[in-house]
Amino acid sequence: MRNTVTIGIAALLLASATVANAQGQPQQQQQNVPPQAPVTAPVAPELGLVDLGVRATSTTGDKARYERYSDLKDGAVSQILFGKKTETFSFAARAYNVGYRDQSYVADYNSGRIKVIGLFDSTPLNYFYQAATPWVQAGTSPTATFTLDPSARLAVQSKTPGIVGIPTSAAQLNTPSIYRGLATQFEMQQLRTVGGGGLTYNATPDMNIHLTFASTKKSGTMPWAGAFAFNNANELPLPLDNRSNDVSVGAEWATQKGMVRVGWTGSWFDNKIHDLVWDNPIRATDFSNGLAITNPPCQSGVAMGPYDCSGYSNGNGPAQGRMSMPPDSSMNVVSATGLYKMPAHTSVNATLSFSSMKQNDALIPWTINPVIASPTVYSVFHDLAHLERNTAKAEVRGVNALVNFNSRPNRWVSLNMRYRYNNHDNRTPAFEAVEYVRFDAVPEETGGETEAFDITRKTLDVNATFNIAPYTALRLGYGNDSFDRTGRSFSDMTDDIFRVSIDTMRSQYVTLRGIYTHTIRKGSGFSEDTIVHGGGQPNLRFYDEADSKRNRGTVLVILTPMSGVDLTTSFAKGEDVYNGEGHEFGLLSNDNSSINVGLNIAPKETVAFGVNFGRDKFQSMQKSRNANPLPDVQFNDPARDWTLDNDETVNSFDIYLDLSRAIKNTDISLNYDFSDSDNAFIHGGSRISSLIAAGTFLALPDVTNKWRRVSADVKYFFQPKVGIGLGWWYEKLDVSDFNTIDLTPGTPRIDYLGEISTGYGNRPYKGNTGFVRLLYRF
Amino acid sequence: MRSIVMRAGLAIAGLVAVVGLIGTAHPTAARPQAAKAGAPQQSVAANYVGEETCLTCHEGQAYKGTAHALKSNAKTPAAMHGCESCHGGGKDHVEGGGDKAKIVNPKTLDASAASDTCTSCHNRSAHALWDGSQHDQRKVGCLSCHSVHSSKGEKQLNATNEAQICASCHKNITNKQHRFNHMPVREDKLQCSSCHNVHGSTNVKLLKAGTTVDESCTSCHQEKRGPYLWEHAPVADSCTTCHDPHGSNNDRMLVAKQPYLCQRCHVTSRHPPTVYEGFVLKNSTNANKIFGKACVSCHQQIHGSNAPSGKAFLR
């Protein structure tokens with residue numbers, strides 16, 4: 001309460017100072033100047049370019065990774081640009097890579113009264129062209145179904161000698177899985193297409209009406225995982241078939257004095273694939289020992305049934321699994337924004353919006369496994385006989401309010417105050433799931449209620465900028481960010497943020513910008529139960545809410561010794577230290593630093609050259625304890641503690657040269673980009689020492705990559721309107737990552753320890769793409 | 001400690017207020033100092049000389065071919081006073097033989113004052129919240145990125161593309177487009193303004209969609225929007241707890257590699273805090289927590305699950 005009062009007093013002081021300044025200055029009157037006939041601007045010429053040619057690509061290694069978001073197939077290539085600008089309208093249209101998976105088309109028209117834009121864009125995401133899977137897709141919508149060869153499954157389930165389903169030991173890796181032979185190769189890729197447009201109508205010079213619409217479709221396949229046990233993970237090529245439609249409508253009235261805007265946005269996501277059902281590679285039939293169930297179930301030393309109580313770890317589970325897919329959802333937002341300008345360069349703006357997100361998809365059953373979905377099991381697990389409700393009834397309502405006060409009452413000082421309130425009110429009714437089914441294999445009583453996470457965030461930010469010298473501003477600021485959340489170990493969390501920055505352009509030769517921010521994060525309302533209830537170590541703290549101190553600083557210096565030359569140096573450093581009371585496990589520190597040095601030279605309009613080198617370093621330290629839960633004494637044994645020091649160093653380099661008609665009738669563009677990374681994972685601590693002593697620890701190699709790209713483009717106009725273009729792209733990626741398992745380098749292995757996968761991973765490539773084009777300007 | 005820092009913040013605000021009040025005791029300055037250099041008094045209509053007069057000396061400064069030349073839009077300079085819409089009446093400047101002190105040259109103004117010229121018209125839609133926005137506070141004005149007379153790219157940017165402009169201050173961020181896992185910025189499918197409104201926004205970090213980080217990300221990644229029956233707490237909080245939206249050398253643009261990212265929070269018992277290293281990778285079925293999708297090989301529904309049995313995001 002007291003702080004609220006003092007905030008109010010401070011606000012009044014600021015307001016009074018601003019008003020006093022306004023009153024002390026002569027008003028800047030808007031003169032009623034009779035308009036003179038404006039000079040007619042010359043009519044802009046028509047402008048168009050047709051760029052047609054052919055392209056050829058050759059790749060070694062992971063071609064999908066080379067293409068990633070592009071389509072570089074051999075064939076014709078095109079780019080068509082057209083634009084016309086007159087005094088009364090402007091029109092522009094562009095078509096790029098017509099007919100390819102990365103094609104795009106944009107057109108916009110502006111008559112002053114009406115602005116219209118339309119676009120269609122297609123973006124591929126190419127995962128892997130040599131993906132393989134033994135699963136066969138038998139259904140898509142609403143249930144995507146994947147089946148495996150029944151005889152193979154039976155052979156694995158029967159433990160037929162010589163047959164390996166999923167390798168479970170190093171020795172078994174010497175025998176190909178039966179599923180490797182059954183796998184068929186396919187190209188795993190998805191496509192995102194967006195079509196939409198916008199209309200702005202200037203009903204009056206002061207009033208606009210806006211309308212936008214976009215429809216986005218995703219199709220293709222993506223890698224998707226599911227599991228039946230700790231030793232049985234599967235990666236499948238999930239089909240994608242979803243669409244989102246977004247509409248927004250708004251009206252805006254704006255004058256020199258202010259602005260008012262109201263609007264509504266609606267968004268609907270529709271997923272044609274409601275759930276996924278897939279066959280278990282190590283079970284052809286649902287495990288059942290036929291026994292009656294005991295109560296309580298799963299006592300050690302007592303055979304019980306009909307399911308294997310350890311089925312989630314040893315694979316004695318179902319023949320099929322079923323999982324839900326991203327649900328259909330909708331979001332509606334209504335908002336209003338106002339801006340009012342006062343004298344003395346003072347303005348206040350405010351925004352208020354209300355949102356509603358809903359999702360009410362039908363829920364899939366507890367399990368697809370008929371051994372568990374049976375009266376036998378229901379006799380003990382009563383809750384599994386039915387669902388508490390048949391649909392999700394999920395809903396989140398949001399409120400966002402923002403007030404900005406900004407003033408430049410005189411030449412020495414600027415003030416900014418901002419208050420933001422954001423509320424994420426999750427109204428999804430709790431769903432009782434104390435009893436649930438793990439991996440479709442084992443019913444459990446260790447579940448609980450679903451949690452609806454509410455978050456309320458209040459931010460107060462105050463900044464004062466002092467023009468301490470001409471073109472030099474010193475800014476001091478304070479921010480208070482408070483979070484009130486449910487379901488987390490800290491119910492409240494507050495960031496106190498102090499910042500100081502300096503920006504000077506006093507000298508025409510030097511621009512200097514620097515900022516330092518110090519943030520103190522403090523939580524309150526800590527609940528150890530929230531951590532311990534999930535089996536966590538009581539001294540664990542989650543890094544996104546734990547007490548911490550953060551320091552961040554950036555310095556940017558731009559030297560411009562002469563026109564057309566600039567030398568830029570920037571240095572940034574940040575460190576997060578998690579040092580709250582009782583914080584022993586989890587992320588302990590997180591540091592980063594970045595340096596960039598660049599030179600840009602543009603002595604005249606026709607020549608531009610630049611080079612930049614950058615280095616980033618990231619370092620984090622985390623701590624954990626490798627232990628069984630209580631009452632096992634391991635849980636409290638510090639000898640089982642281990643740490644991980646993760647260090648990454650990234651180097652970046654780029655150089656470019658643009659010669660735009662520096663040579664007669666010729667445009668030349670050359671670029672070289674480079675980026676590499678060395679990511680090290682260093683385990684430490686007493687647990688590691690004991691694993692080393694036992695001969696059961698091998699340090700993981702660094703994950704490294706090195707990427708470079710060369711692009712060259714030359715256009716020569718042998719006639720004013722006709723020219724020829726030659727282009728070449730070269731890209732090379734070297735990568736070494738222990739998370740990618742190959743039979744031989746570049747040949748994926750889909751059957752590795754504990755998993756049947758699609759083979760998608762991180763692999764090197766080298767790609768060359770060449771273009772020859774004819775150019776016609778009109 | 002908290003009360004001390006709150007008081008410190010309030011003290012700063014109070015000090016500023018006092019400075020402001022003191023400043024009113026000397027109400028002589030009508031404009032910021034830097035503006036004095038080129039701020040003629042706009043006294044009467046006769047101070048306008050017309051665009052043709054301007055172009056007799058400044059032929060290369062015409063704005064034809066730009067949006068400012070669209071006369072059919074009543075708000076453009078072409079429909080109003082031409083060059084003098086932004087530079088002020090030119091009569092005194094002409095009669096003074098081109099006296100630079102008698103014409104407004106935004107390039108010589110303080111960044112905020114120069115931006116005032118632009119925002120006298122560009123005060124709606126995406127530009128409505130410019131005053132006091134992050135860039136305005138740091139004296140990064142309109143002319144830092146745009147040029148009315150000699151632009152090089154779309155939207156009258158000073159460079160051929162957005163990333164080049166943003167890189168002049170945010171090079172460590174734009175470098176991330178070259179990381180192993182990245183958004184399609186270097187493929188020209190996205191640009192900085194696809195997510196950010198650099199002119200001011202109601203969202204954090206100048207994000208232009210939604211009111212939180214999550215709402216911004218899920219404006220495109222709508223399959224992650226939910227809300228779900230089972231929610232993952234850090235997901236509900238912010239996507240950036242786990243992902244770096246600008247680019248990363250870790251799969252799926254994660255801020256750290258799996259399983260180690262997950263192990264920053266999951267220090268429970270049994271398999272989450274297992275030491276996942278090379279021996280496990282070569283000898284145990286727990287290798288599936290290290291290679292491929294790692295933890296997400298089982299916990300695929302990591303962003304949230306709609307399955308009744310989705311407690312651990314397994315279904």
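This is a predicted model: local features need pLDDT of at least 70, side-chain atom pairs count only at pLDDT 80 or more; totals for chains, interfaces and linings use all residues.
Which residues does A:Asn400 touch, not counting residues up to four places away in sequence? The views below begin with that residue.

View 1. A:Asn400 touches A:Thr351, A:Leu352, A:Ser353, A:Arg420, A:Tyr421, A:Asn422, B:Thr202 and B:Thr211, not counting residues up to four places away in sequence; contact means heavy atoms within 4.5 Å. The residue lies in strand 16 of chain A, residues 394–407. Helices (H or I, at least four residues) and strands (E, at least two) are DSSP runs, numbered from the N terminus. A:Asn400 counts as buried because its relative accessibility is 1%; buried means under 20% relative accessible area, exposed over 50% and partly exposed in between (1.4 Å probe, protein chains only). The side chain of A:Asn400 makes a polar contact of 2.8 Å with the side chain of A:Asn422 and a polar contact of 3.4 Å with the side chain of A:Arg420. A polar contact is a pair of N or O atoms within 3.5 Å; within protein, one must be able to donate a hydrogen and the other to accept it, and residues adjacent in sequence count only if both atoms are side-chain atoms.

**View 2. Helix 6 of chain B and its covering.** Helix 6 spans residues 111–119 and is mostly covered, with seven of its nine residues buried. Among the buried residues are B:Ala111, B:Ala114 and B:Thr117. The covering of the buried residues includes strand 14 of chain A, together with helix 4 (84–87), helix 7 (134–137) and helix 8 (142–145) of chain B. At the N-terminal end, B:Asp110 caps the helix, a side-chain oxygen lying 3.0 Å from the backbone nitrogen of B:Ser112.

**View 3. Positive phi at A:Asn97 and A:His345.** Most residues other than glycine have a negative phi, and most peptide bonds are trans. Phi of A:Asn97 is near 50 degrees; A:Asn97 lies in the loop between strand 3 (90–96) and strand 4 (104–110) of chain A and is buried, at 3% relative accessible area. Phi of A:His345 is near 50 degrees. A:His345 lies in the loop between strand 14 (329–342) and strand 15 (346–359) of chain A and counts as partly exposed because its relative accessibility is 35%.

**View 4. Cis peptide bonds in chain B.** One cis bond joins B:Gly226 and B:Pro227, with omega about -5 degrees; B:Pro227 lies in the loop between helix 11 (213–217) and helix 12 (233–237). Another joins B:Gln258 and B:Pro259, with omega about 0 degrees; B:Pro259 lies in the loop between helix 12 and helix 13 (278–283).

**Conventions.** Residues are numbered from 1 along each chain as its sequence is written, and chains are lettered from A and ligands numbered from 1 in the order in which they are written. Local features need pLDDT of at least 70, side-chain atom pairs count only at pLDDT 80 or more, and totals for chains, interfaces and linings use all residues, while side-chain values use heavy atoms, with hydrogens and water left out.
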